[in-house]
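Hi everyone, thanks for coming.

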Amino acid sequence: MNFEKTNGGNTLTVELIGEVDSMNTPELEEKLLKEIEGVTELIFDLKGLEYISSAGLRVLLTMQKMMKAQGSMVIKNTNEEVMEIFKVTGFVRLLNLA
Amino acid sequence: MVKKLKSRYVVFSAVILTIVILLVSFMLFSSSTHRLIENSSESYLLDSTKAVAAVFNTKLSDQLVMLESQVRYFRDINLSDYNAMKDTIIATKGIGEFKNIGVANSTGATINYNGRSSGNILLTDYFKEAMSGKNAISEITYIDEDGDEVLVLAVPIEQNGKFIGVVYGTFTKDILNSLIISSNFSEDSDSFLLDEEGLILARSDGKGYINNDITNFNEVIDLNNNAEGVFTFGNDSSSMLAIITPVGLHDWELVSVVPTTVISDLSNNITLQVIKIVMGVGAAFILLLGSIVLLFREIRGMAAAQARIGAELNVATKIQADMMPFNFPERKEVSLYATMSPAKEVGGDFYDFFFIDHDHLALVMADVAGKGVPAALFMVVAKSILRNVSIMSRLNVGKILAVANNALCENNNSGLFVTTWLGVLTLSSGKLVFANAGHEYPAVKRADGNFELMVGDNCPPLAAMEDLEFPEESITLKKGDCVFLYTDGVPEAKNAAAHRFGTDKMLEILDRESDKDLITMLTNMKKEIDDFTGTMDPFDDVTMMALKYLG
């Protein structure tokens, strides 16, 4: 995963790569909570994401709830496999998919 | 408890064994060391005594050299002329440690530098020896003109290649004693100069080890054949060592006397140091052992805590398993079977089935996002809410999920959610009304077709967001139709090569097993999954439920 802050620290772009599952979500969540301070625009770039488990979805949902209070969250470049997961889990209705 | 006693016994034995080993090795060391110290001390004493003898010998030689220096006065003197001899010796001054220095001519007539005669020495051993051209030291003591017992040193006077007289000097016993004293090697020892008969010629008896009345050392120790060596004498309370060595002059011997305690004190001193070291090493070892015991206790405590946590997890797993109903309905309209294989760590999968009334069978397949005790507890809550709302409210499926969703959203601070498939089958008609809150698509087999995923427009999982609506869908089952419900543990089972089991393989196996009974079908599915994952620990719960409509 890559973290990049732009726009004077207001925009945080998080690139998720490979598989996000219960093995690596604690690290992802910890990093996000550390970086989220003062961010008004959170962008998840899922170009390189191949799989996301329910644990990963939980992180997305948590971040979405947090960003509701301090700005916006958008998910970009969702590929077919991950989109299928979002469809099955009904997350297409929860997330702001660009 | 038995283990504890056993380990205590081991530690106790180790301490005892250590002490015994230290004691035994110390005792062995002590005795061998004592012997070693004794041997090396004896050889040290012997060497020291030899050194004393050598020093004494050198001192006598020095005195002879000094006498030689007096010979020059008589090179041109006619020694037959007694008065000339007398005048010359009186004119010389004393030299060396001597009591008297005198001169004798070839007849043995003597005169010393005090102008007195020592009598005729013609027959004395030292005169004979000196007249043969050698420096001489008397073999025995003589009584001089003053009645003093003296040792006499003599050197020849040579004129024209002939020995025509001697210059002699006398040592009283006191002078000899002082020579011995100044040669002595140790404050702890006394030394004695013995002639060949064992008579004490000189002594340094500062310590008083040997009574002054004793004039012959044979009274102390039998000197026969005792030319050289270390000998013990005296009684146990005052055991002494006599170290005997030849002086290298006549058959004289030098004897050093020391109390045996000199050796035993040394030995004891060393032993004491060794005891200190042994005790230090022992203490350090016991301290080390103690630390190891403490460390092991700590580890055991940690292991116990670990075991407790493991036990708690096992309890959670047990609760989870016990929550699943297994009294499958025996109705002519349906056949139902379900299994749940929990992962190593407790997960949040659950299935449920219950009759809302005689004709309506509710089926639940759900998966809480997350693992461990929080997921298990959330599962318990979700399961009972779903069951209670379903039975009590008499609501339709979509409404049940909506009510349950809002109930689960309350106080859900940890962001958990639960994907839920809820269906209600009217047994009499075969109509299955269902709603899918973010759960895996069920696989359905219509009577003569293959299993297919029932792809629908899934809603978000329960507890993800408040006030969601859950639209219903429905199908009508015909006789022989089969519904397969499962959690993501089935398609997402992973093998060592990081490949996933997948829904295609799942459907393939379902088709293969479709004419078997449901127990066999689910058992074989599980076996296929296990074969696929191989040695990999199942990472997620594997939960499956199958329903066959019998009409």
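**Helix pair, then sheet**

In chain A, α1(A) passes α2(A) in a right-handed crossing, meaning that the near helix is turned clockwise from the far one by less than a right angle. Helices here are DSSP runs of H or I with at least four residues, strands are E runs of at least two, and both are numbered from the N terminus.

Before I go on: this is a predicted model, where local features need pLDDT of at least 70, side-chain atom pairs count only at pLDDT 80 or more, and totals for chains, interfaces and linings use all residues. Residues count from 1 along each chain as its sequence is written, chains are lettered from A and ligands numbered from 1 in the order written, and side-chain values use heavy atoms, without hydrogens or water.

Back to our pair: α1 (residues 25-35) and α2 (residues 54-70) of chain A have axes 9 Å apart and an angle of about 15 degrees. Axes are lines fitted to C-alpha atoms, for helices over the stretch in contact, and angles run from 0 to 180 degrees between N-to-C directions. That makes α1(A) roughly parallel to α2(A) (under 35 degrees).

Over in chain B, five strands form an open sheet in the order β13-β14-β15-β16-β19, paired antiparallel; pairing takes at least two DSSP bridges between two strands. Its edge strands are β13 (349-357) and β19 (473-476) of chain B. Seven bridges join β15(B) to β16(B), and W421(B) stands opposite N436(B) in β16(B).

Technical notes
Angles under 35 degrees count as roughly parallel, over 145 as roughly antiparallel, 65 to 115 as roughly perpendicular and the rest as oblique.
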